[in-house]
Amino acid sequence: MYLAAVSLRVDRITLRELRIPLRTPFRASHGTTEARRVALVELRVDGTRAAWSECVAGERPDYTAETFETAWHVLETWVAPSVIGRTFDAPEGIAEALAWIRGHPMARAAVEMACWATLAERRGESLAGLLGGTRTALPCARTLGITDDHDILASRARAAVDEGYARIKLKIEPGRDLEPLRAVRDAVGPEVALSADANGAYRLEDAEDLARLDGVGLVMIEQPLPARDFAALAELQTRIATPICLDESIASVEDARTMLALDAGRIVNIKPGRVGGFGPALAIHDLCLEAGIDAWCGGMFETGLGRAYNAALASLPGFTMAGDLTPAGAYLASDIVAQPAGAFDGSVRVPRGPGVGVVVDHERIDALTVRRSDLG
């Protein structure tokens, strides 16, 4: 997709580090998260504040190699100097200016996505509309972390179903997989969509154990093997009936083509931060739509701001499954956007106002800021 040229001069970028505790610790196969270090990007274009965006890099190099500190360093040292003081045909021009930076997709995405939001606001349309989104409400999946108490896990799953969540996802790891999944399946019944996420914790030698999960009736098992082992993932898919969904494996549209060519997975989790921004995310979405592959939008414990960006993307027609779009207030102790009134009913409304469509609370951001860098 190429948009008509719109002149945007990037004058200034301000980085802020916020620290926000989670309501409860969250455990996955690669570690436990108790708080989020959030990197906010404030983009100023043509002398005025244009947009806020969020860099989704985590604290440790356990999900991907990129971390909060590496992303901050790359944003300060290479991303900002590559765009400040220059005029671009946005947003493609921003992406081209950053293309020389190898890797570090989350740092690049934070600025690229802010540029999309700026363009949408200047056109007086929603970010979702600019991206090509058509839906106004999106079903949500609820993700539950690893716990040794199966009764507590089952109770949380049942409560999520009662709240209206369309899919329940359990984090799993070797030795903590079949029994917790059975407990949740018994609690929610056979009709509720249930999936598992291993974050690459298994190896091909575990295929027999993973095949036992077929009896639980999962809609997918997400990233069972390490990210770059496409050949092993393709072999595993021949040995289990449950569809494999790829997350960490898909860092680009080329990775998605590899998955299709090898039949290494049958569902894709598209996270715009993980793939370098909306441009690559749209290319992967279009490839999945053309190939008839289910896709959904994953989450990274974003604030309400980051969730709004994800919801805009997830409103596109190729996102056929419930995404990780749980409102930020469900897992963060504090948020930085004004939350809409009304009870949560298992779906989220796609922001329809100009730009990203949410109101940022500047006073709350100031109160949560522990580090700031003004560039430009």
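The tour opens at the largest pocket, which holds about 1,000 Å³ of space. Here a pocket is an open set of points on a 1 Å grid over the protein atoms alone, with protein on both sides within 12 Å along at least five of seven lines; its volume is the space filled by probe spheres set on the points, which are joined across faces, edges and corners. Select L22, F26, T143, G145 and F301, the closest to the centre among the 48 residues that line the pocket; a lining residue has an atom within 4 Å of a point.

The model is predicted: local features need pLDDT of at least 70 and side-chain atom pairs pLDDT 80 or more, whereas totals for chains, interfaces and linings use all residues. Residues are numbered from 1 along each chain as its sequence is written, and side-chain values use heavy atoms, without hydrogens and water.

Next, colour β1 (7–28), which gives the largest share of the pocket lining, seven residues. Other elements that supply at least two residues each include β2 (31–45) and α5 (150–163). Helices (H or I, at least four residues) and strands (E, at least two) are DSSP runs, numbered from the N terminus.

Proceed to the open sheet of seven strands, ordered β6-β7-β8-β9-β10-β11-β12 with parallel pairing; two strands pair if DSSP finds at least two bridges between them. Because β6 (141–144) and β12 (294–297) are the edge strands, each with a single partner, one side of each has no neighbour in the sheet. From one strand to the next, the twist averages 25°.

Within this sheet, select β7 (residues 167–171) and β8 (residues 193–197), which pair in the parallel sense over five bridges. K171 stands opposite D197 in β8. Helix α6 (residues 178–188) lies across both strands, at about 160° to β8; angles run from 0 to 180 degrees between the N-to-C directions of axes fitted to C-alpha atoms, for helices over the stretch in contact, with contact meaning heavy atoms within 4.5 Å.

Now turn to helix α3 (residues 105–123), where 16 of the 19 residues are buried, so the helix is largely enclosed by the rest of the structure; buried means under 20% relative accessible area with a 1.4 Å probe, protein chains only. Just after α3, G124 takes a positive phi of about 70°.

Finish at the largest cavity, of about 120 Å³; in a cavity a 1.4 Å probe fits but cannot get out. Select E54, V56, M113, G273 and N310, the closest to its centre of the 17 lining residues. Helix α3 is one of the elements that supply at least two residues of this lining.

Technical notes
Buried means under 20% relative accessible area, exposed over 50%, partly exposed in between (1.4 Å probe, protein chains only).
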